[in-house]
Amino acid sequence: MAADEDYQSLVRGVASLSFTGDAVPCKLLLTGPCAFPVLVSPRKDVLIAASRYGKGKVVVLAHEGYLSTQEFMGFLKNAVSWLRPNPDAVIGIHTTLPVLAHNLSGYKIQNTSTLIQGLGVFCTNGYEAHQAEEIISFVRGGGGLLIGAQAWHWSYSHKENVLHHFPGNKIISVCGVHFTSEYGEKGDFWVTDEMPQVAVCTDYQSLVRGVASLSFTGDPVPCKLLLRKPTAFPVLVSPRKDVLIAASHYGKGKVVVLAHEGYLNTEEFMAFLKNAVSWLSPNSDAVIGVHTTLPVLANNLSGAGYKVRNTSTLIQGLGVFCTNGYEAHQAEEIISFVRGGGGLLIGAQAWHWSYSHKENVLHHFPGNKIISVCGVHFTSEYGEKGDFWVTDEMPQVAVCTDYQSLVRGVASLSFTGDPVPCKLLLRKPTAFPVLVSPRKDVLIAASHYGKGKVVVLAHEGYLNTEEFMAFLKNAVSWLSPNSDAVIGVHTTLPVLANNLSGAGYKVRNTSTLIQGLGVFCTNGYEAHQAEEIISFVRGGGGLLIGAQAWHWSYSHKENNSACNVLNYPGNKILNRFGISILCRAVPQGIYWAVSPNEASHQNNCHRALHHLQVALKSGTKLLQPISTRMRKLRQNVSAFMRHSACCVPKVSKTCPVSGCSEEALLLSLAHKSHNMSHKCDDLSILEKEPSVTVNIDATNPGADAWRSTGLYLPPRKAVVIEFPASAVQQGFQVQVGCHSDDPSAKETLNRAPVVVRRIHVDRQKVPVSSFWGGLLYIIVRSNSNFGTVPVRVYGAEPAPIYIKGKTSLDSWLHSIRQLPAPWAELVTENIILTVPSDAVRSLKNPEALLSLWDRIMAAIADLAAKPKKFPRPERIVADVQISAGWMHAGYPIMCDLESAKELTDLHHMEKEGIWGPIHELGHNQQKTQWEFPPHTTEATCNLWAVYVHETVLGIPRDRAHGNLQPNVRTSRIKSYLQNGANLEQWDGWTALETYLQLQEGLGWDPFRRLYRDPSISGMSNENTFKMNLWAEKFSRAAQTNLVPFFEAWGWPIDQSTRSKLSALPVWEKDPMKPYVTAKKSV
């Protein structure tokens, strides 16, 4: 089963996982080819991983606490199901994991503190290694291992290498997963539809761990390394952008390449080289073969405990081979060795060899005959010397490495003669220019797509021109997936076919894409094979294509408009690769190739717009070369925007787009360009469109408020909203849409980042249109007192809306709920719910539902000690994608679409509860004066959730949330005290325990008294001060000295507070006493 299928089995039915609360995860490091990430945070921290090893499987979580967290049980059940070798397998669960054991009660469970005979799966933490070999053998033989741990705490008291010596790593490292000493990101994280991708910087981090700098000084003169495959990555790049160390994956093995063999024998490099050998080793017992010319390396590896074998050739039994790159007689054997899982550490330079050899260095230098298959090459160019820092993140090498491969030996190209070229437009970050005219028109471009590559010329004639053959040979070499690739050449290109045959390529003349090709060379005038060609490139093929569109545009006048970029045959192939052929001709001439430093920036819309945005936001002057190309940028963006207007990509939860893709940019540009270009003839609309008058409550004692109109504006339709003269320039705004979150920081987008539009009411008749459409609102600014303002709306559609106490139930049942607008609202005095209309079309009794919401909001106001009528109603809006988490607080509260049922299903609410929305409403009630961030941010909001569930829904706290079950609570308190009642660990559910114990012993009334206390306004915001004040005021409200209680929880109570409360009676039923007493007796 492929890793993707394993991933789907593990996350089935799991939408998100909450890495919040007490547990602080570590980052997981993936180093084996069978390991794959399951949950990756936005910061790219791997928090859950899995792997296959031998016949068995492993699932690893970045903290053992998640094995005991109720919210993880859906995932953990999937994990156990995936791990077990058969349906009758016995599941062994460590005795420290009672919550997991309870949730897996449907399985055959065996509670145990060790791995015992007869188990099919073993669930444990990673803090004991005495059974490491037995557990490894258990997995290798077909068993499943579910393990959780974090290594950052262990590292505080242990100086050994965490990756090798942390107990959990002695178990799981053979599977290619490691616990690390680095903190992992916390938060609520989505589970992605597709398996997340982890950048090879995990490999990078393994290689440079503990290495701050490397000295490329002394006698050795390095060469530059060239990277030509996506599996290859730079490890050390000089300030001049010379790659001096690189690495790569190939088959099942790995390669590390240094730009001179002398560095393999230099003492200062030994820390790095030990990392390299560790990374290259297929297993911990691997024998390391070291070339006899590298005695310093051999001695250092032997001293580090490696099994070293001195040898001048690759021999049987090695796991890693360390050698120079000057002998190629074993090239095939070494390549086969790496492909099968071996590791190769190699150093060489090719500049000296090039003096006495006229052959192409990239193909014929001995070391390149070994490592070129891995996408790394030694070159004949000198590399920079000096002392160079090792960066925290993997260095980025500009695409000019590709560029150099394409223009090697080519100084200029002559765009003269019969062919008249046209302009190319670059529209994706993966596309880059190769040749640009003095007017900055791109004439040759290239791009990566999937596993393949593309080169585009601005006229097919150049594919058959003798002067271009040096460049075209470079292009074919760059495009070829391997040295034996068959090159398909279109039958209209005989000159190209002859030149490639003469250069030793296997050429096949063909008029179509056929099976067995590695590269296809063609023109861009036929689109009947567009999908096949796109698929061919995506799978690793190379495409060399030439065409121009200016002549085509003469006979396609109907397309000489915004959509010509789309409809031109060649663009039906090329648009997918981020390159488009435009219909503008370019003056002929002899043009120089772009300099390497410009190649990654010049004439790319994405990059130019990014530079412009940064300059505008920072207020700095736009630097060259972008500043000198504003005219060209304007033309390119104009073409880009026209493309945007007619081809906005479809995006949804089932069809997401990458956040850094062309599609994402188009989604944003469509919204902005429509807003800027929309012009509305309000008089024509007034004459033609039906109208409705809506009375807006323009008295607002709270913060800025959205007033619903009950109307919907379809996408791109224009309407006019007419205001009284007295409302003009009074701070009113028209808002289209309610989905105000901006998820643009997400890696994938399920909708356009910005879909809401706001327009100031600066005239009586306000024309309104929005690219995305949406419900219509009037925003009334804070502290307004305009009474009722009548607003007349021309051209909008009615939307499903039910207002408690106003809307007729008969009208709702027979007409309103069936209105076609896609969004509906349920309105009561203190809350408004905005959900998809489909979620309420079967709602038969909205009055009963909203009556329950009335009681919920009354309870929230009661605990918050505020008037029952909120200054402005709270809002909850369901959205296809929000900016953070599954739900988040604010105005409005945002939640996932799947929560719409939870908001509108009366039976479900009364039976199962509604924790998430009340949690967020609780956030909105939190007062800064009584919050101790970051400790209580995710704690005190749950007081409202407990209060509502118990007083309104009749659901006790232990049923309302799994984390409030008595045994879980007890375990949490004990764990906190065993760790020394460290306030740094007092947050989330642990912090909530403090407040719950106060409530369970002293009731809700002291909370209300503190929340309504007017004296706290303007007080210090420092945590220690506020905690002492809370302890004092709560004690006085309860007429009980609570100092011992708060001190048991680790609160920093000062002597002044103790003195002030000393006269009050001590809390006799202090719930912390038994825990403190038990701890002292241990």
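Q: What percentage of the residues in the protein chain is buried?
A: Of the 1082 residues in the protein chain, 56% are buried. Buried means under 20% relative accessible area, exposed means over 50%, and partly exposed lies in between, computed with a 1.4 Å probe on protein chains only. This is a predicted model, in which local features need pLDDT of at least 70, side-chain atom pairs count only at pLDDT 80 or more, and totals for chains, interfaces and linings use all residues. Residues are numbered from 1 along each chain as its sequence is written, and side-chain values use heavy atoms, with hydrogens and water left out.

Q: How many helices and strands are there?
A: The protein chain has 40 helices and 50 strands. These are DSSP runs numbered from the N terminus: H or I over at least four residues for helices, E over at least two for strands.

Q: And contacts between residues at least 6 apart in sequence: what percentage join residues at least 24 apart?
A: The figure is 70%. A contact means heavy atoms within 4.5 Å.

Q: Let us turn to α37. Which residues does it span, and what is its reach?
A: Helix α37 covers residues 1023-1038, 16 residues in all, and reaches 22 Å from its first C-alpha to its last. That is close to the expected 22 Å, the expected span being 1.5 Å times one less than the number of residues.

Q: Is α37 mostly covered or mostly uncovered?
A: Mostly covered: 12 of its 16 residues are buried.

Q: Which residue caps the N-terminal end of α37? And what follows α37?
A: Glu 1022 is the cap, with a side-chain oxygen 3.1 Å from the backbone nitrogen of Thr 1024. A polar contact is a pair of N or O atoms within 3.5 Å; within protein, one must be able to donate a hydrogen and the other to accept it, and residues adjacent in sequence count only if both atoms are side-chain atoms. Gln 1039 follows α37 and has a positive phi, near 55°.

Q: You mentioned α35. At what angle does α32 pack with α35?
A: Helix α32 (residues 941-951) and α35 pack at about 55°, with their axes 10 Å apart. This makes α32 oblique to α35. Axes are lines fitted to C-alpha atoms, for helices over the stretch in contact, and angles run from 0 to 180 degrees between N-to-C directions. Angles under 35 degrees count as roughly parallel, over 145 as roughly antiparallel, 65 to 115 as roughly perpendicular, and the rest as oblique.

Q: Which residues meet there?
A: Asn 942, Leu 943 and Val 946 in α32 meet Trp 989, Leu 992, Tyr 995 and Leu 996 in α35.

Q: New topic: Gln 881. Where is Gln 881 found, and is Gln 881 buried or exposed?
A: Gln 881 is in the loop between β48 (874-879) and β49 (887-888). Its relative accessibility is 6%, so Gln 881 counts as buried.

Q: What does Gln 881 touch?
A: Leaving aside residues up to four places away in sequence, Gln 881 touches Pro 743, Lys 746, Thr 748, Leu 749, Asn 750 and Arg 751. Polar atoms of the Gln 881 side chain lie 2.9 Å from the backbone oxygen of Thr 748 and 2.7 Å from the backbone nitrogen of Asn 750. Gln 881 and Arg 751 are 130 residues apart along the chain, yet their C-alpha atoms are separated by 6.8 Å.

Q: What about Val 191: where is its place, and which residues does Val 191 touch?
A: Val 191 is in the loop between β11 (187-190) and α8 (201-208). Val 191 is buried, at a relative accessible area of 12%. Beyond residues up to four places away in sequence, Val 191 touches Tyr 7, Val 11, Val 14, Ala 15, Ser 16, Leu 17 and Leu 39. Leu 39 is 152 residues from Val 191 in sequence, and 6.5 Å away in space, C-alpha to C-alpha.

Q: What is phi of Arg 716?
A: Phi of Arg 716 is positive, near 65°. Arg 716 lies in the loop between β36 (705-713) and β37 (718-722) and counts as partly exposed, at 47% relative accessibility.
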